[in-house]
Amino acid sequence: MRAPAEHNGATAIDELRLPALPAKLGVAREYAQRAATAFGLDADRCYEFVFAVNEAVTNAIRHGAPDEHGHIHLSVLTDRDRLTLAVRDYGTFSGFAPGCATSTEHGRGFALMARTMDAVQLSVGSGSTIVRLSKARA
Amino acid sequence: MSFFYIGDAAAVGEDNHGEGVAVLVAGGELDYAASPQLKERLASQIDAGMRRLVLDLSMATFIDSTAIGVVVGVALQLDELSGGLLAVVCADENKRVLRILEIAGLESLLALHSSREQALLELTAAG
């Protein structure tokens with residue numbers, strides 16, 4: 001494991017490079033579950049955390065682009081009472097598609113992330129998109 | 001490793017639901033790796049002439065937005081067909097999946113039941 005890096009005042013404690021394939025979503029959920037359990041989220045908050053991470057990784061696989069090795073990057077950051085998992089892909093987020101709503105087949109992932117996390121932050125740079133999902137311990 | 005299964009209740013001998021009625025059971029982790037197959041199984045029932053479908057999610061341990069999207073898409077498709085209706089079942093004990101369905105606002109779009117029997121009663125009444 002690489003040395004911890006400071007980021008937004010929180011400490012990055014772990015990183016995962018995940019092949020950008022639907023079949024790897026289970027690995028992303030297990031990774032999120034381990035991080036949430038180690039951080040001490042209760043069972044319901046763990047489940048919500050895993051749910052939101054799965055949504056972000058799904059978006060990265062569906063709409064984003066992997067790095068040159070076919071991977072997207074997950075990293076876990078913690079501060080005193082907040083756990084954050086960042087999902088990074090190498091596509092440029094192009095905005096929300098029109099017609100995203102509850103009553104259509106597509107486009108509910110982001111709204112569901114917002115409803116299950118305490119904070120969802122989207123950073124769009126040139127050549128990469130990062131979604132940071134944060135959940136407080138209680 | 002993720003795991004999911006999709007089957008029709010006819011495979012376990014429960015095939016007497018009436019004409020045009022089919023019951024499908026989807027369990028395990030219903031994520032983006034599973035949702036295309038979920039969509040295909042539901043679509044093939046509609047293609048076979050089924051107009052009233054019951055989808056039992058009681059054995060699902062996880063459901064994501066893409067699987068929920070499939071369910072909503074099928075409900076909308078059946079809405080447009082004469083006599084078409086989708087009833088979703090999720091047992092009361094499956095609080096986690098119910099919570100996700102609730103957050104997604106599924107209940108405002110389709111009928112959600114706590115048992116297959118209840119869902120079939122409603123489909124029969126609607127017919």
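A residue is counted here as buried when its relative accessible area is under 20%. By that criterion, 44% of the 138 residues of chain A are buried in this predicted model. Chain A is built from three helices and six strands, which are arranged along the sequence in the pattern β-β-α-α-β-β-α-β-β. Among the contacts within chain A that link residues at least 6 apart in sequence, 63% are made between residues at least 24 apart.

The size of an interface is often expressed as the accessible area that is lost when the parts come together. For chain A and chain B, this buried area amounts to about 2,200 Å², of which 59% lies on carbon and sulfur atoms. On the side of chain A, the residues that lose the most area to chain B are Arg29(A), Tyr47(A) and Glu105(A), and together these account for 29% of what that side buries. In terms of contacts, 26 residues of chain A meet 27 residues of chain B.

Polar and charged interactions also cross this interface. Seven residue pairs in polar contact are found between chain A and chain B, with both residues of each pair at pLDDT 80 or more, and four salt bridges are found across the interface.

The greatest contribution is that of helix 2 of chain A, which provides eleven residues. When the residues on this side of chain A are sorted by class, nine are nonpolar, eight are polar and nine are charged.

Within chain B, strand 3 (residues 52–56) is mostly covered, in that four of its five residues are buried. This strand pairs with strand 2 (residues 21–30) of chain B in the parallel sense, the pairing extending over five bridges. At the level of individual residues, Val23(B) has Val54(B), in strand 3 of chain B, as its bridge partner. In a regular strand, side chains alternate between the two faces of the sheet.

Conventions: Residues are numbered from 1 along each chain as its sequence is written. Chains are lettered from A and ligands numbered from 1 in the order in which they are written. This is a predicted model: local features need pLDDT of at least 70, side-chain atom pairs count only at pLDDT 80 or more; totals for chains, interfaces and linings use all residues. Side-chain values use heavy atoms; hydrogens and water are left out. Contact means heavy atoms within 4.5 Å. Buried area is the accessible area (1.4 Å probe) that two parts lose on being put together, summed over both. A salt bridge is a side-chain nitrogen of Lys or Arg within 4 Å of a carboxyl oxygen of Asp or Glu. A polar contact is a pair of N or O atoms within 3.5 Å; within protein, one must be able to donate a hydrogen and the other to accept it, and residues adjacent in sequence count only if both atoms are side-chain atoms. Helices (H or I, at least four residues) and strands (E, at least two) are DSSP runs, numbered from the N terminus. Ala, Val, Leu, Ile, Met, Phe, Trp, Tyr, Cys and Pro count as nonpolar, Asp, Glu, Lys and Arg as charged, and the others, Gly among them, as polar. Buried means under 20% relative accessible area, exposed over 50%, partly exposed in between (1.4 Å probe, protein chains only). Two strands pair if DSSP finds at least two bridges between them.
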